[in-house]
Amino acid sequence: MISHSTGKPAGPDLDGPPETALTRESGARAIRARAGSGGRVRPRSARPIVLLAAFVCAACGLVYELELVALGGYLLGESMTQTSVVLSVMVFAMGLGSLLAKRLTRRPATFFALVECTLALVGGLSVLALQSCWAWLDRYRATTTGLVGTTLVIGVLIGAEIPLLMTLIQRIRREEAGRAAADLFAADYVGALVGGLTFPFLLLPAFGQATGALVTGAVNAVAGAAVVLWLFRDEPAPRTRLLLWTGCGLVLAVLAAAAACTGAIERAARHALYGAQVRLATQSRFHEIVLTGPSDPRVPAQRSAGGPLELFLDGRPVVCGPDEYRDHEALVHPALAARPGARVLLLGGDGLALREVLRHPSVRSVLVVERDPELSELARRDPALSALNEHALDDPRVRLLTAEPLTWLRTGGGPFDVIISDLAEQTPDLRYRSLEFFGLAARRLAPEGRIAVRTGPAESELWAVEAGLREAGLGTVPYLGSTGPAPGCGAGHRPPRPAFVLAARGRPVLALDGDGPPPRSLTEDGLRASAATLAAHRPAGGPGPHHLLG
């Protein structure tokens, strides 16, 4: 369309039929006429503008991809599976979109505007649509189908961008295909870099997933459709051009209306998901933090219309009902039974395991390592949560350090008499249950020290965690906490009780500290009976340890 050559053409145009050449020549005459009459667009400036549009569209495309990966792991769990599904379907769909785009290159500006408007609409509304599937339809089946379908559509539209942009660049100035491809892919890859960094560091903490996707869709519509329609406004017929501008405006209006309703939709989805009145929901860099139940710690759970206090990280229950002390007592008290706990390292910062640690008079100092400062701040300032943890983070024996636990273990101090890992529910991946994690923790352990680890249920995660601790050179004793059903939480879900592993350089003995406060839910006989039961059911040739590299 904008064939304004600065030198000898690279070769004859053999790709398109005569209509394409005529369209290109008419576009070139229009651009030259505008340039000669003082128009706003000059052939020299048109090419950088198209490359800039490619840069922004690539950034938006990668944000959509990361949104789908994060949302799939958040709603469906098994983050590695969801990441693999989204990436593989996305790459396949991009190839399919590139093939389909060959039929659209006769009117590249018109079809590029249509592609970007559709992509902005689908990508911008994707998070709200999938949250609605999870909240109101068949959760796993509908959400999985929606995730795959949305990924397929977005991938096809992203894949159609490159052929259309390549055609537009060649119509601005004919040059060797390799040079044009180099410029276009450079803009595309740098845009993907910017989008990949913008998502976790700006969009997610500033806007959250749903609003962040809507903002990305609006940027996509303006940078993709509007810029190209303005730059190549002579390609479509006047009526088509009016329809395209109207469609772009409608997309922006729909995204704006969705942004205005996002709060109500998210509140309804959270209510359907968590089954209680959500009192606080915030998005940090690491987690979506949801707190339900009473804000006044003096209100008993049975008298609260919203139910007992519950804390969720990315949809996973961390504090679940009034019986949370059972699991935290089981994690902490056996590790401190032999009174080695002068120096304690606690990995995880919601303050509830810390509360149990501070009940032992032998404890002189506790270093708490938590990667999410917003979680620790919530444990300090929320009236109900701080009352539940008995303001443990304000104790003078406690030092709070904001750091990634796995990274800190590589360079942190020590030795510690007791190391307690309360990280089982913090991430859906297995980094805090890996051999490498336990090996680094063992290096920070004093010669007579102990490590206590909360695992997943005995049926799934216990034996892999024990294998990791053993391979790190430690003796282990798996055990269970108090018996009885786990408390229900979040729309009546009743998660299985976790198992625990106590480890030391020699084989540790399960006991309780006679000088400390007696636990409300544990007895030595019960601990030893649970350990004997688990030992009797230890699988022959059980699973090996988890590894960071899978």
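**Entry 1: Arg-279 and its partner**
I looked up Arg-279 and found a salt bridge to Asp-382, with the closest N and O atoms 2.6 Å apart (a salt bridge is a side-chain nitrogen of Lys or Arg within 4 Å of a carboxyl oxygen of Asp or Glu). Arg-279 sits in strand β1 and Asp-382 in the loop between α10 and α11, so the pair ties together parts 103 residues apart in sequence. Strands here are DSSP runs of E with at least two residues, and helices are runs of H or I with at least four, numbered from the N terminus.

I kept in mind that this is a predicted model, where local features need pLDDT of at least 70 and side-chain atom pairs pLDDT 80 or more, while totals for chains, interfaces and linings use all residues. Residues are numbered from 1 along each chain as its sequence is written, and side-chain values use heavy atoms, without hydrogens and water.

**Entry 2: Buried or exposed?**
I then checked accessibility: Asp-382 is buried at 5% relative accessibility, whereas Arg-279 is partly exposed at 26%. Buried means under 20% relative accessible area, exposed over 50%, and partly exposed in between (1.4 Å probe, protein chains only).

**Entry 3: Another pair**
I next found Arg-343 and Asp-417 in a salt bridge, 2.9 Å from N to O. This pair links strand β5, which holds Arg-343, with strand β8, which holds Asp-417, 74 residues apart. Arg-343 is partly exposed at 32%, and Asp-417 is buried at 12%.

**Entry 4: The wider count**
How many salt bridges does the structure hold? I noted 18. I also noted a network of salt bridges linking Glu-324, Arg-355, Glu-356, Arg-359 and Glu-390.
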